[in-house]
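This report goes through one protein chain, topic by topic. Please keep the sequence and the structure at hand while reading.

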Amino acid sequence: MEADLDTRTPRKRQRTHKGTGIEELPDDVIVDILSRMSIKDAVRTSVLSSRWKYLWMSMSVTLEFHDKDIATRKKFRAFVKHVLELYSRVDGLVIHFSNTRKKTESTAIDEWVYSAMLKQVKRFELDLSADCGFHCSYEFPSFVKLLTQFHREKYRPILRKFGSMRSSLRYLNGFGSLRTLRLVDVDIQDEMVQYFLDSCPCIEQLCIRASDATKHLRVVDPLPNLKELEISDCCNLESLEISATNLASCTYQGREISLPFKKTQDPFELTIGGVFCKSFIYEPNKHSSYSAQLVKLVLNLQTEDVQRESIKRTIAPPEFHQFGALKQLELNIVSKVGRSLLFFTSLIDASPHLHEFKLKIDYLVSRPWYLDYEIKSMIPFPEVTPEEAKRFHHRNLKVVKMVGYCGCLSEESFLVHLLKNSPSVETIFIDTDCDYYSDHWDNFVVMYRLRQDGKYPMIKPATREATLMDNEVSTQFDSRKCEETVKSRHYSMGDKKLWTQFDARSHARKLRSRFPSPIKFVIT
């Protein structure tokens, strides 16, 4: 008997021999596979079959929202609420919502905090900062508000059992899985910060920035997993105690306070700024108890309101104590074009094992009607002449980076002095990608600084018609024409020098020709 020939089409034969494959996998395994894909690709799988339609909602994701991506604030709030309702598992929640001036918006922000707690996120970031510097005065929910988010029949018996709200909230374990907490422009009370430190055993990163309600903080063991800590721009902070054995990186920027490091990992990294940074520069002996442990030090010797500060210290460079373990030193400073930078060579001399040095400069440039001597009072470090600069012999410095290079004589003098005293230098990076920026129409000065995020400069000449706003990009932007516009309308002062990126690169190339070939110059 002859075998029947299979006359079916290839498409039908393919369907008949369809293998089991991924369809036979349990839902948990499929969800795990989806979690390794981008959210966009995972959502696309919902069209495969009725079984796949809602599987993507069960995957654990990190959700990031930015109000600049949505047309209106009302639509943004509705969008965030809708997306949070869709996902049952959320690993991280990151929200940027700037300039919340309306009281009605506090309710929506509270809901985001409650969602982060009820979904037991591992990463929670809430950034309410505005580009204009406005402080929204939003206050992080208290214990009472957080407890009432649980069902009444659940939390009331627990409250009667434990007697205190903090213990009750810890028992409910709302933020028990939290590893990263970052609050920017959010007023959070001391007791709530302490709650996170006491009740989140897995917390690794904590950042509190621009909180007016934070006054007294104790970051004290047991904190077995805390690695990074940042407390910045908390204008009412009076005391900060740090005793965390495993802390590897700490950032403090703000007013001058007593900052005792009782127990920290040896060694660790430190970033400081504001008035406290000036204390570190001018009164180094106050910080000798922990400076010997530093492997990386970042000094932000500037403030946001630098134009309103008057720093009139004309002292000689202090004799810095030894930074015995320091490998990396980074200075972010505000200066005036042509002002001597030799003051900072003392820091290099005090770091015998320094391997990498970075200097980032933002230059203040006066407008035509503003006197230069007023700008001098804004510079937060004394001027040192080449004759006063200390001679030393550094044997371990390998890499030097200068960011914000404009090609003035003071930069050349600094690099020449540094290379003469550090014969071990192998590579020099010079970044010239800078331009002029001005944030307000009535500012007395503009700033010549590094470009950020590829944005065009905020150049505001004397006539409003030629103004180029921060996020506005001309369809046919001619940098040379824009430069000439600034020269003619904004800096019409005769022989006043207008620094440009073209000039900076030209000076950097000339500087490179002065040094022997073993030293590698990288100019960008």
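This is a predicted model: local features need pLDDT of at least 70, side-chain atom pairs count only at pLDDT 80 or more; totals for chains, interfaces and linings use all residues.

C207 is buried, with a relative accessible area of 7%.

C234 is in no disulfide either, and the cysteine sulfur nearest to that of C234 belongs to C235, 7.7 Å away. C234 is buried as well, at a relative accessible area of 3%. How many disulfides does a search of the whole structure find? The search gives zero.

## The chain as a whole

The secondary structure of the chain consists of 16 helices and 21 strands. The chain has 524 residues, and 48% of them count as buried.

Of the contacts between residues at least 6 apart in sequence, 64% join residues at least 24 apart.

## The nonpolar core

The largest nonpolar core contains 134 residues. The residues with the most contacts inside this core are W112, F124, L126, F357 and F414.

The surroundings of F124 can be listed in detail. Leaving out residues up to four places away in sequence, F124 touches L93, W112, V113, A116, F140, L178, T180, L181, R182 and L183. W112, one of these partners, is also among the residues with the most contacts inside the core.

I348 belongs to helix 12, which covers residues 345-349. I348 is buried, with a relative accessible area of 0%. Setting aside neighbours within four places in sequence, I348 is in contact with L354, F357, F392, H394, L397, F414 and L418. Two of these partners, F357 and F414, are among the residues with the most contacts inside the largest core. The C-alpha atoms of I348 and L418 are 8.9 Å apart, while the two residues are 70 residues apart in sequence.

E105 is found in helix 5. Is E105 buried or exposed? E105 is buried, and its relative accessible area is 2%. Between the C-alpha atoms of E105 and R73 the separation is 9.3 Å, and along the chain these residues are 32 residues apart.

## A residue in strand 18

T427 lies in strand 18, made up of residues 427-431. With a relative accessible area of 15%, T427 is buried, because the limit for that class is under 20%. Not counting residues up to four places away in sequence, T427 touches K398, V399, V400, K520 and V522.

## A nonpolar patch on the surface

Nonpolar residues are found on the surface too: L25, V29, I33 and M37 form a patch there. Together these four residues have about 260 Å² of accessible area.

I33 sits in helix 2, which runs over residues 27-34. Its relative accessible area is 35%, so I33 is classed as partly exposed.

Notes:
Residues are numbered from 1 along each chain as its sequence is written. Side-chain values use heavy atoms; hydrogens and water are left out. A nonpolar core is a set of buried Ala, Val, Leu, Ile, Met, Phe, Trp, Tyr and Cys residues joined through side-chain atoms within 4.5 Å. Buried means under 20% relative accessible area, exposed over 50%, partly exposed in between (1.4 Å probe, protein chains only). Contact means heavy atoms within 4.5 Å. Patches are made of residues with over 30% relative accessible area and no salt bridge: like charges are joined within 9 Å, nonpolar side chains (Val, Leu, Ile, Met, Phe, Trp, Tyr) within 5 Å. Accessible areas come from the Shrake-Rupley method with a 1.4 Å probe; for residues, only the protein chains shown count as cover. A salt bridge is a side-chain nitrogen of Lys or Arg within 4 Å of a carboxyl oxygen of Asp or Glu. Helices (H or I, at least four residues) and strands (E, at least two) are DSSP runs, numbered from the N terminus. A disulfide is a pair of cysteine sulfur atoms within 2.5 Å.
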